[in-house]
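Please look at the structure on the screen while I discuss its salt bridges and its pockets.

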Amino acid sequence: MNILFIGDVQGENSIEKLGNILPDLKQKENIELTVINGENSADANGISRASAQMLFDIGADVITTGNHAFKLKEADDLFNSRAEVLRPANYGQNCPGKGVFIIDFGHCQIAVINIMGTTYMPPCDNPFKCVDDILKKLDTKNIIVDFHAEATSEKKAMGHYLSGRVSAVIGTHTHVQTADETILNNHTAYITDVGMTGVANSIIGCEMNIIEKFTDYYPVKHSFAFGETELNAVIISIDTKTGKAASIKRIKKMI
């Protein structure tokens, strides 16, 4: 089975650009499951009911998020009403929503897990212990993990920690695609960060005024940039009988 994982989509303009090419890409690559990180998909930052619906309309099957999951208050209802929209599983148990979604294809099941790192990130439960608890309850070998984390070391650690136990560990959050895609232990597809889907001539998808934050330490409102948009994604091919990944291919192209 070929699975498409698309990196953090930056705002509704990027969703529209992605929608223009996604159907053809899915057909060309024989994609059966599309996972999109949508934690920045709303124009107001975070994820909204409208931006989530836009992502589903263009072809998302599952939407993952991260530290901006609850940026907008309306997200609470979204996470409670749409099981296929995930927030990190290691948020507190009283937070709205869930961090795991299982898709039944009839001939197999695919589990998508969303977890968040703790290094240089907002407080949350230990992601390693959290994912251990989740795996104990799953009855499928086909498991895709979105690990939303800042530190490359923590992402690498999670990749090796889950090597042989899940089909893929895909890093998100930094918006900069890394060139270290690999198959760990002849089983688990891994990349430190899949990157973003947003304006290429920007600072991680935002306007250049963010430079003031670094030069003058002045608080600057982050606004999504406009211009030519770049798609960052990976295609993972897995054997659904064993849960093993056969390949992982990076995509980095203007759309």
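I begin with a definition: a residue is called buried when its relative accessible area is under 20%, exposed when that area is over 50%, and partly exposed in between, computed with a 1.4 Å probe on protein chains only. The model is predicted, so local features need pLDDT of at least 70 and side-chain atom pairs count only at pLDDT 80 or more, while totals for chains, interfaces and linings use all residues. Residues are numbered from 1 along each chain as its sequence is written, and side-chain values use heavy atoms, with hydrogens and water left out.

I turn to the salt bridges. Side chains of opposite charge can pair when their charged atoms come close. Here, a salt bridge is a side-chain nitrogen of Lys or Arg within 4 Å of a carboxyl oxygen of Asp or Glu. By this rule there are 9 salt bridges.

Which residue forms a salt bridge with Asp-193? The partner is Lys-155, and the closest N and O atoms are 2.7 Å apart. Asp-193 lies in the loop between strand 10 (188–191) and strand 11 (196–199), and Lys-155 in helix 5 (residues 152–162), so the pair ties together parts that are 38 residues apart in sequence. Helices (H or I, at least four residues) and strands (E, at least two) are DSSP runs, numbered from the N terminus. Both Asp-193 and Lys-155 are buried.

Another salt bridge joins Glu-181 to Arg-250, with 2.8 Å between the closest N and O atoms. This pair links distant parts of the chain, 69 residues apart: Glu-181 is in the loop between strand 8 (168–172) and strand 9 (182–184), and Arg-250 is in strand 13 (residues 244–254). Glu-181 counts as partly exposed because its relative accessibility is 27%, and Arg-250 counts as partly exposed at 32%.

Finally, the pockets. On a 1 Å grid over the protein atoms alone, a pocket is an open set of points with protein on both sides within 12 Å along at least five of seven lines, and lining residues have an atom within 4 Å of a point. The largest pocket is lined by 22 residues. Asn-45, His-68, Cys-206, Ile-210 and His-222 lie nearest its centre. The second largest pocket has 14 lining residues, of which Arg-87, Ala-89, Lys-98, Gly-99 and Ile-134 lie nearest the centre. Helix 4 (residues 127–137) gives the most to that lining, with 4 residues.

How values were computed:
1 Å grid on protein atoms, 1.4 Å probe; cavity = no way out; pocket = protein on both sides within 12 Å on 5 of 7 lines; lining within 4 Å.
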